[in-house]
Amino acid sequence: MHLAYPTVLSVLLFCVGLYGVLARRNAVLVLMSVELMLNAVNLDLVAFDAWLHDTLHAGQALTLFTITVAAAEIGLGLAIVLMVFRARGTADVDRLRDLADDGAAAHTDTMAPPTDNQPARPDGRATAA
Amino acid sequence: MNAMSATLAVLVPLLPFLASAGGLLTGRSAPALARPLAVLPTLASAALAIALAVRLGPGGTLDGGTRLTPTGSVPIELSLHVDGFAALIAVLVGVVACCVQVYSTSYLREDPRYASYAALVSLFTAAMLLVVYSGDLIVLLVGWEVMGICSYFLVGHHWETEDARAASIKAFLVTKLGDVPFLFGLFLLGADAGSFRITDVLHAAADGRLHHPTLIALLLLCGVAGKSAQFPLHTWLPDAMAGPTPVSALIHAATMVAAGIYLVARLLPVFLLSGAALVVLAVMAAVTMVGSAVCALAQDDIKRVLAYSTVGQLGYMAGALAAGNRDAAVFHLITHGAFKALLFLSAGVVIHAAHTNSITAMARMPGLRTKVPDAFWTMTLGLLALAGIPPFSGFFSKESVLTAAEHAATGETHGVPEFAGWLVLVAGLVTALLTAAYATRLWLVAFWPRTAADRAAADPAEETGGAPAREADPHAHAHADAHPAEPAAMRRPLWLLAIPTIALGVTGLRADWLPAWFDGVSLRPSWTTAVLGTCVALLGAAGCWLAWRRAVAGAVQAPAGTAALPDETPADLAIAPGGPALPETELPGLPAPDPAPLLLGPLLAPAARGLGVDRLYDRCVVRPVTAAASLVRFLDREVVEGYVQGAGWLPRALGWLTRRAQNGNPQSYVSALLAGSVLVVLLVAVIAR
Amino acid sequence: MNAVLIALLALPLAGALATLSPRLLDGDRALRFGVAVTGAELALAIALAAGFDYHHAARMQAVTDADWIPAIGVRFHLGTDGVSLPLLVLTALLTFLCALYSLRNLPAGPGRPGPRAFTGLLLLLECGMLATFATLDLLLFFVAFEVVLVPMYFLIARWGGENRGRAAFRFILYTMLGSALMLLGFLLIGLHAGTFDITTLAARHGAGIPHTTQVLAVLSIGLGLAVKAPMFPLHSWLPDAHTAAPTVGSVLLAGVLLKMGTYGFVRILLPAAPDGMAAFAPYLGAFAVAGILYGSLACLALARRGAGGDLKRLIAFSSVGHMGFVLLGIATLSPTGVNGALYANIGHGLITGLLFFLVGAVKDRYGSSDLDRLAGRTGAALYGRAPRLGALLGFGAVASLGLPGLAGFWGELLAMLGSFHPAAGLSRSTFLVFMVLAGLGTVLTAAYLLTVVRRVCMGDPAEPAPALAERGGVLADVRGYEFASWTPLVVLTVLAGLWPAAILGLSNPAVKALLGAG
């Protein structure tokens, strides 16, 4: 068959996966969408490999790699999601914001040297010289 | 021959300089050395100056020098230029400095800071001699300014008192204000002439190579006005009387203030190129002469009278220069140096004996004359010279000034506008009247006390009035013997200075005496001015005497705010008491026998305060500068600081903005990543086209 | 000779490294080690001066020229001529005197590191300062310029007084911003001319660099140097830094670091980008004169009664004024003016170094440098309470106001004389205005300095001094180690004033060469 069919299919799958990654709130669904994107890329690789009649079959070899990496990654990812769900009671991506930088907590003199008559503070916040 | 003279000329300023260095370094560790270190090098320097003058003889000059430093354009030379003017003025400086140093050994006998005082006086002497002998204008400026700083330190000698603190800083700043345009004038002179050497400058003036003579002359006059206390930069001199009296004698009578006159005399060919500058100088001299004489008439402090008198006499010298005759100016400079130093030193003795500066307080002390007879007689001589009574030196020199003015007024002097001559002549005559008046006032009020009880009785009663007062205090009597009111060290300089006061004037009469040292212009007074001058002086003296008699008779009410009762002991005596105070015969309610209110009338109050010049300065100079300083402080704290803080604000704001993107949601990060990738792909696609 | 110059730079670096080992130098040994090394440095500097060929002061001497980074054309090029020799000797002298002073007078206590760190930082600082004056390569100059900042930051931040953290922070950020600009300018020049070598650039006198590039280069390098100089209005880091710094830090900051900025102008900008300098000279002159007047007026405001002015802050502002004279001299682009600028550099280094030593001593004795607390109602009467200290302070003030016969005068005179007759191509009337304003500045300088003397040295000793009473009422006069640290400065001030040819004779031929045939 013509190259167009698998290519278009893979693009469509990729877009669906992209939408899922960007817009879904449930962490599991995000991971599923990542899988979708990876598989879309796999499809593309195989299709091009066949169309280009590659003697080394580089595309198919790379596909095997991708499948393995995806499997490993999804195993770890799901385990993390499971632990988060157990700890927080939710797998909602929008609620997991611990790495955010809220402006209120950052004091203006983070970079300043220790104030007069005080030795350097040992806590992690002070990045003084 | 030349090398010997050059060595002498170098040693004359060098010896006092070394003495001052030695005095400053060893003052604390070896106080016994202070007195020899003060007197001996100055004596040696004076002797060498006399030797040099004798060696050079009238009409002889000494020139020589070496390069001091390259500058990139006009080099500066360390050179000598000694002619008749310089030689004689150096002798004056040396002799007066010697007298002052010897006098100070007694006057400041108990002063704990005598060593530093003497060292500074020596440094001052060295600087003045440098000014006199220097052949390079910048080196002259060095000496000029060093004199200024020595004056600052010496006027501030009694820094425990507020008067001395204020007066010292005022003296320095007013002269410095004049020195800045002076420096610019020197620049102009050096640039036009191509050299800072005085001989080169004078050659350039003669050749007509000076392109801006008026501007140069006016700029130089600013410095001269400051240093020689001419209007409008004269206000520092009366206040500088807060310093010890010997300092006033040396610096503010005979030497530093004469430096400005000396400079104009030295550079007179430059000034003669510009008629406008001469007119300005004449106006300055005239205003100074008359104004200071009026002020002198109203002062109560004996030193302030002498200070204003100095200002006025300097005005005479400036007037002579405005009339184009430097011989008369330097003649008056030398005689004035002698008699004014004499007056100050005798005033010092009188102040010591009376324990007050105020002449109206002295008017209540009978027996002052007999207590300090030498001071009384020398003061009389000095005042006679000051008033210009023949045959004292002051008469001859003042007459030579008036004669010079007369010549200029009648158009006989080439290059001098007649207006300048007339102005100086008229002002000079008016001032002669006023000078005689205030000299007489000083003499009468200070030395001829009248009390209500003695008014009826004749003079013999005064002796009895004085004697019981003395007997009543036997301790005082014994004390007086141990510390006489007039120790020898104070008396001898007085009599030494009295000699030129009496005799120096005569040396101007013959052409081969004093005039041979100068330019050869005759210093003989013309008959018209001689008669006119003497009559005017006698008139002034007579008028004052009449007014004094009326004041003594109690017909005068002293208005409030002027010379009334004496106030605290002057700073001079705060540390070194010399002899017991004379008992006063208190007559409460009786106003001071001061003829000034009668003579001056409504002018008395402003004249006592210097005719308002100080207030003018405060309004025009001090207040704007203080306001500008506050403005700068505000600008620095708010505006400049604001910019710096603003510069810090921008990165902080940007940082805040950037941090907002860190919202913790990986989906937004990935969206940004997607957008960026799409952009890059598009760019690549577009560029690859 | 070049070995001496290399040793001059290598010795403090080695000394600084040696202070890293705690067993070798502990406590007072570190300070004595510092004195020994800086003393050796001074000896080396004097040897360099002795071996200098005075008849060829325009020529680079003690030259070392070796390949360093061939890939970008940077060479390890050292040398000294009549312009940099006095500065090298001054730096070595001031550092030695500071080390001597710190032997007995190092601020100590909680939060302050020990003498070992101090010595190491001082030696590193000395290396940086000397390197700035000795290098003849643009990037090496930049490195040395920056090396100086780090030890000075620590000197202020760790051994300083009140507000030291903020002041040190501001100092280092502000100067680094300037240096960043300067680096851009260096790269611009280096890439256009094809070489980073200062002597080559100087010999070319701007040939081969187009006018716009020169203007841009002067703007960026000039701004960077102007921050260091400091030029109004980029001066506001200086008062805070000086007020907070320890005595030794202030002396070195005022005595040497400020000179690095103006030296950069003379060494780099004047010969390498003459067109650019000519374009900016009037503005430089204007800012210089503004600095003179601004500094003097700020000092007047601080010296007034009731203003609560800090003495160290006052002297910092006076430095702004004095460096204004230096910048004015440079702005005239004439040999006279630049000679005056270089002389004023040395004079200011000696005099202000002395003044900071003295004010530091007063602060130690009284516990505060607030003028109102010191002066009380009538004045601190230092002339009476500690006569030698008072006399030295009076001497310092008189020298600082530019009294002829002392080191401050000739620099100001020549700067004004240069302004009277600036280089051809500059507007004469503008510079005449600058000259008049600078003259006014000298009167204002005299006013505030004598006011300070009046309030600190003069006064009624009978009046009790509250600040003194808190410390036991006794005021010690000049001590032995203080005497040892200060006397060389006093002697040199007088010598330099009486014998200006010592410095001008050196700088004149070099300046003429730097400015080209014109």
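What follows is a working chat about a predicted model.

Biologist: What are the ground rules on numbering and confidence here?
Modeller: Residues are numbered from 1 along each chain as its sequence is written, and chains are lettered from A and ligands numbered from 1 in the order in which they are written.

Biologist: Start with chain A. How many helices and strands?
Modeller: Three helices and zero strands, in the order α-α-α along the sequence. Helices (H or I, at least four residues) and strands (E, at least two) are DSSP runs, numbered from the N terminus.

Biologist: How much of chain A is buried?
Modeller: Of its 129 residues, 25% are buried. Buried means under 20% relative accessible area, exposed over 50%, and partly exposed in between, with a 1.4 Å probe and protein chains only.

Biologist: What span should helix α3 of chain A have?
Modeller: Its 31 residues, 58-88, should span 45 Å at 1.5 Å a residue, and the end C-alpha atoms are 44 Å apart, which agrees. The expected span is 1.5 Å times one less than the number of residues.

Biologist: Which residues of α3(A) are buried?
Modeller: A:Gly59, A:Thr63, A:Thr66, A:Ala70, A:Ile74, A:Gly77 and A:Val81. Their cover includes α2 (27-52) of chain A. After α3(A) comes A:Gly89, with a positive phi near 80°.

Biologist: Switching to chain B. How do α3 and α15 pack?
Modeller: Helix α3 (residues 84-107) and helix α15 (residues 326-354) of chain B pack at about 5°, with axes 11 Å apart. So α3(B) is roughly parallel to α15(B). Angles under 35 degrees count as roughly parallel, over 145 as roughly antiparallel, 65 to 115 as roughly perpendicular and the rest as oblique. Axes are lines fitted to C-alpha atoms, for helices over the stretch in contact, and angles run from 0 to 180 degrees between N-to-C directions.

Biologist: Which residues make that contact?
Modeller: Among them are B:Phe85, B:Leu88 and B:Tyr103 of α3(B), and B:Val330, B:Gly337 and B:His352 of α15(B). Contact means heavy atoms within 4.5 Å. The contact residues divide into 15 nonpolar, three polar and two charged. Ala, Val, Leu, Ile, Met, Phe, Trp, Tyr, Cys and Pro count as nonpolar, Asp, Glu, Lys and Arg as charged, and the others, Gly among them, as polar.

Biologist: Which residues have the most contacts inside the largest nonpolar core?
Modeller: B:Tyr133, B:Phe518, C:Phe171, C:Leu252 and C:Trp486, in a core of 433 residues. The largest share, 18 residues, comes from α15(B). A nonpolar core is a set of buried Ala, Val, Leu, Ile, Met, Phe, Trp, Tyr and Cys residues joined through side-chain atoms within 4.5 Å.

Biologist: Where are the cis peptide bonds you have listed?
Modeller: One joins B:Phe231 and B:Pro232, with omega about 0°, and another runs from C:Phe232 to C:Pro233, with omega near 0°. B:Pro232 is in the loop between α8 (213-227) and α9 (236-239) of chain B. C:Pro233 is in the loop between α9 (211-228) and α10 (237-244) of chain C.

Biologist: And B:Ala229, buried or exposed?
Modeller: B:Ala229 is buried, at 0% relative accessible area. Its phi is positive, near 50°, and it sits in the loop between α8 and α9 of chain B.

Notes. This is a predicted model: local features need pLDDT of at least 70, side-chain atom pairs count only at pLDDT 80 or more; totals for chains, interfaces and linings use all residues. Side-chain values use heavy atoms; hydrogens and water are left out.
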